[in-house]
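Let us walk through this structure one piece at a time. Keep the sequence and the 3D view side by side.

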Amino acid sequence: MNTPCLFVTLCINANFPQSPERPLALCHFVDQRKLPTDTRMPPGSLLLSTRCLCFVHQRSVDFLVFADHVTVSPIQCEDPAGGTEMTQVTTEPFGDVDEGSVEKWVLRSSLVTVEVLTLGCIIRSIRCSDRKGRVDDVVQGYDHLEGYASDRRYFGALVGRVANRIAGGRFVVDGVEYRLAVNNGPNALHGGLRGFNKAVWRAERVEDGVCLRHTSPDGDQGYPGEVQVAVTYTLKGGSLRSRYQASATRTSPINLTNHSYFNLAGQAVENVYDHEVSIQAQSYLPVDGTSIPTGEVRAVEGSPFDLRKPDLIGSLLKPLPGPGFDHNFCLASPGDPWALRPAARVCHPESGRVLEVSTSQPGVQFYTANFLDGSVVGKGGSRYAKHSSFCLETQSWPDAINKPSFPSCLLRPGEEYLHETTFSFSTV
């Protein structure tokens with residue numbers, strides 16, 4: 001097997017200066033010193049070529065370019081034999097909570113770096129470049145474990161056993177009524193008082209990522225049956241895939257999603273009004289005063305909820321009744337076969353960052369952080385205010401357990417719950 005080397009891709013302007021629209025010629029420089037993945041050069045090392053100086057920073061490479069006619073493209077690391085890039089996966093301790101020790105897993109590709117905590121499968125950080133190569137963290141959260149342990153906003157967390165709201169905190173399965181703790185007005189929200197977001201999950205390395213597992217016992221937060229749950233995060237290039245799996249010993253509702261708060265301008269930027277959003281949904285679910293779907297499936301045509309064409313979030317919020325978006329958009333209908341579908345696209349024109357979401361779930365909850373109020377102190381001392389971020393929670397339709405006409409969220413013994421969601425990051 002050949003020893004992996006560090007490959008650096010450069011874009012050379014053939015006739016400097018050039019307009020961005022004109023094509024760029026490509027060349028490659030391979031440092032002749034062998035750099036196996038497990039013996040990367042330490043921070044501070046320098047790699048020299050005739051055209052540029054490369055500075056090794058942690059496990060990535062930054063460029064200090066001294067040739068006037070050279071611009072740098074995103075780094076592409078490849079196997080010399082022609083194989084595809086391998087994502088680097090590392091882990092380190094992150095602290096302790098009452099439930100046990102918490103680990104931080106880092107997934108690093110050439111384009112994106114993702115940090116995942118074993119507490120609540122939390123996506124703590126997603127770092128990616130803008131069109132000029134500036135790297136920012138684009139998800140909100142906390143610097144330290146204590147913030148996540150006491151968090152009530154679900155920053156970056158996997159939520160379950162049932163994401164979103166269950167009306168009155170009650171439902172009936174096989175003739176038996178189950179009552180849950182209510183934690184959102186009169187309703188049960190995101191799995192209960194101590195849902196999956198507060199559990200410490202067992203983690204193991206997989207190719208290009210990490211698999212996290214949790215056992216939810218019978219009666220957990222009032223839900224029936226023991227449920228074995230796994231989520232696998234894998235990173236390839238600019239795409240982060242989440243694969244959710246579960247099985248149950250008794251029939252139980254289950255609806256898993258990730259609750260990351262995104263700001264493509266950078267997690268500390270005060271609002272997302274200058275982001276363009278589009279959602280590929282022909283219909284949405286109107287809600288009552290407690291955000292429970294009324295049962296109607298309403299066409300988006302001619303309404304403020306028609307997001308099929310890109311528009312600025314700031315413009316879309318103005319005619320909207322209420323504090324902002326917190327609604328399920330219908331990506332599939334009851335009875336539709338399992339399939340990965342385009343769900344949403346968000347672009348921040350100033351930075352050029354783009355987030356595209358695809359999912360096998362029948363819905364996506366678009367939430368514009370309506371209830372952040374500046375009281376949460378996040379990373380770097382940032383205060384997260386109303387509309388400072390957005391969430392795209394791929395999921396089954398809310399309160400489906402109490403709405404027979406909605407796609408079923410019941411998982412029965414012998415069945416497998418399986419859904420996938422991909423967050424893809426790029427620039428324009």
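Start with a pair of strands. Strand β30, residues 363-367, runs antiparallel to β33, and five bridges join the two. Within that pairing, Val364 sits opposite Thr394 of β33. Remember that this is a predicted model. Strands in a sheet are held together by backbone hydrogen bonds, in a parallel or an antiparallel sense.

Now widen the view. β30 and β33 belong to an open sheet of five strands, with antiparallel pairing. The order is β25-β24-β27-β30-β33. β25 (298-299) and β33 are the edge strands, and each has a single partner, so one side of each has no neighbour in the sheet. Further along the order, β24 (residues 283-284) pairs with β27 (residues 326-330) in the antiparallel sense, over two bridges. There, Ser283 has Cys330 of β27 as its bridge partner.

The largest nonpolar core has 59 residues. Leu392 is among the members that touch the most others, along with Ile126, Tyr233, Ile279, Phe329 and Phe366. Strand β19 (residues 227-236) gives this core its largest share, five residues. Apart from this core lies another, of 18 residues, including Leu117, Tyr142, Tyr261 and Val376.

Look at Tyr233 in more detail. Beyond its neighbours within four places in sequence, Tyr233 contacts Leu107, Val116, Cys121 and Ile123, among others. The list also includes Asp208, Gly209, Val210 and Leu212. Leu240, Arg241, Ser242 and Asn258 are in contact with Tyr233 too.

Next, the aromatic rings. How many aromatic pairs are there? The count comes to 19. One of them joins Phe155 and Tyr384 in a tilted arrangement, 5.6 Å centre to centre with 50° between the planes. Phe155 lies in the loop between α1 (145-150) and β12 (158-159), while Tyr384 lies in strand β32 (residues 383-384), so this pair ties together parts that are 229 residues apart in sequence. Phe155 is buried, at 1% relative accessible area. Tyr384 is buried as well, at 1% relative accessibility.

A second pair takes another geometry. The ring centres of Phe262 and Phe423 are 5.3 Å apart and the planes stand at 75°, so this pair is edge-to-face. Phe262 is in the loop between β22 (257-258) and β23 (276-279), and Phe423 is in strand β35, so the pair ties together parts 161 residues apart in sequence. Phe262 counts as buried at 1% relative accessibility, and Phe423 counts as buried at 3%.

Ring pairs also build a cluster. Tyr142, Tyr148, Phe155, Tyr261, Tyr367, Phe371 and Tyr384 are linked in this way.

His419 is buried, with a relative accessible area of 14%.

Arg205 makes a contrast. Arg205 sits in strand β17 (residues 202-206) and is partly exposed, with a relative accessible area of 48%. Not counting residues up to four places away in sequence, Arg205 touches Val89, Thr90 and Trp105. A polar atom of the Arg205 side chain lies 2.3 Å from the backbone oxygen of Val89. Thr90 is 115 residues from Arg205 in sequence, yet their C-alpha atoms are 8.6 Å apart in space.

Finally, a word on confidence. The chain averages a pLDDT of 85, and 80% of the residues score at least 70. Over residues 1-83, pLDDT stays under 50. The model has 123 contacts for that stretch beyond four places in sequence. Where pLDDT is low, predicted coordinates should not be read in detail.

Terms used:
Residues numbered from 1 in each chain as written. Heavy atoms only, no water. pLDDT = per-residue confidence, 0-100. Contact = heavy atoms within 4.5 Å. Buried < 20%, exposed > 50% of the residue type's maximum accessible area, 1.4 Å probe, protein only. Pairing = 2+ DSSP bridges. Helix = DSSP H or I, 4+ residues; strand = E, 2+ residues; numbered from the N terminus. Core = buried A, V, L, I, M, F, W, Y, C linked by side-chain atoms within 4.5 Å. Phe/Tyr/Trp six-rings, centres within 6.5 Å; stacked < 30°, edge-to-face > 60°. Polar contact = N/O pair within 3.5 Å; in protein donor to acceptor, adjacent residues only side chain to side chain.
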